[in-house]
Amino acid sequence: MTQVPVVPADWLAWISRLPAEGGPSGAEWATQAQRLLASAFERWDLVPDGPLRTGWTAVVAPVLRDGEPLALKVVRRSVDTDGEPLALRLWGGDGAVRLVAALPSDGLLLLERLDAETDLRSLDSDAGCEVIGGLLARLHRPAPAALPPVGPWAGGWLAEAAQRDALPRRLVARCTGLLAELSSDPSADATLVHGDLHYENVLAGSREPWLAIDPQPRAGHPGWDLHAVLRNRRDELGTGAALRWSVRRRLEVWCDAAGVDEDVARWWTIVRCGVEAVWALDDDNAEEVSFSIALAKALDE
């Protein structure tokens with residue numbers, strides 16, 4: 001009988017704190033995780049081929065199937081993760097990890113094996129940003145009707161932001177006004193966006209040098225994807241005038257590689273800063289609130 005890897009108890013305790021977000025709560029899913037992992041091994045006749053890795057809301061096990069190296073991902077279902085199998089199927093391995101098989105109802109994905117030890121942190125910031133933009137130029141395509149649109153979703157969070165005294169009124173008003181203006185464009189929610197393509201979500205592959213992983217797909221504008229590269233490798237951005245220069249530099253490199261208008265990408269990112277600030281407030285994360293405000297200011301000056 002195949003020895004199924006054990007999901008670490010401390011990681012399950014950590015994920016148990018997460019609320020339900022369109023799927024099971026973290027506590028509920030934690031009671032199912034080991035069973036789901038075992039069911040995937042049985043369903044696809046898998047053999048363990050290395051230590052289990054844990055992520056933000058998923059575990060990934062290196063496996064073999066008929067001698068082929070693959071990766072089994074078991075993810076807690078949520079509004080952010082439910083579109084992953086659909087996006088990966090649409091991309092078909094073109095710029096992204098290849099989906100071999102999936103059981104979306106259980107959050108099970110069987111993927112091609114990439115080099116989990118080598119991501120874009122191995123390149124300098126500009127080079128990594130250029131790779132990400134180049135991948136997104138391929139990944140951005142017409143969004144399927146099944147994906148939720150960014151505009152109404154972001155609008156809901158900004159409406160909540162308007163009720164929060166802890167956020168600057170000027171920021172909330174700016175984000176709300178920008179969203180209304182941007183949403184008037186018919187193309188606003190027409191593109192399949194990755195949602196979380198930063199330096200650590202691009203891994204080295206064998207059939208291509210770099211491939212995207214872990215999408216949180218929605219129907220949006222390509223500019224929605226800029227924020228991820230601005231919040232990652234944060235220690236390299238600096239503060240004050242240095243922050244503004246670094247952010248504008250990444251904006252320029254990313255937009256040039258992705259083929260996205262700089263002003264539109266900048267405006268969508270300011271909107272996303274408002275959404276991220278509300279989330280940070282909900283998490284009682286003052287540092288993240290401050291960063292979202294500073295990033296929006298750096299982009300809007």
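Ring pairs tie Trp 153, Trp 157, Trp 224, Trp 268 and Trp 279 into one cluster. Rings of Phe, Tyr and Trp (its six-membered ring) pair if their centres lie within 6.5 Å; planes under 30 degrees apart are stacked, over 60 edge-to-face, and the rest tilted. Keep in mind that this is a predicted model, where local features need pLDDT of at least 70 and side-chain atom pairs count only at pLDDT 80 or more, while totals for chains, interfaces and linings use all residues. Residues are numbered from 1 along each chain as its sequence is written, and side-chain values use heavy atoms, with hydrogens and water left out.

**Aromatic pairs**
- The count comes to 6 aromatic pairs.
- Trp 11 and Trp 29 make an edge-to-face pair, 5.9 Å centre to centre with 80° between the planes.
- That pair links distant parts of the chain, 18 residues apart: Trp 11 is in helix H1 (residues 9-15) and Trp 29 in helix H2 (residues 26-30). Helices here are DSSP runs (H or I, at least four residues), numbered from the N terminus.
- Trp 11 is buried at 8% relative accessible area, and Trp 29 is buried at 1%. Buried means under 20% (1.4 Å probe, protein chains only).

**Charges over rings**
- Arg 218 sits over the face of Trp 153, 4.0 Å from the ring centre.
- Arg 233 does likewise over Tyr 199, at 4.6 Å from the ring centre.
- The cut-off is CZ of Arg (or NZ of Lys) within 6 Å of the ring centre and within 35 degrees of the ring normal.

Definitions and conventions:
Helices (H or I, at least four residues) and strands (E, at least two) are DSSP runs, numbered from the N terminus. Buried means under 20% relative accessible area, exposed over 50%, partly exposed in between (1.4 Å probe, protein chains only).
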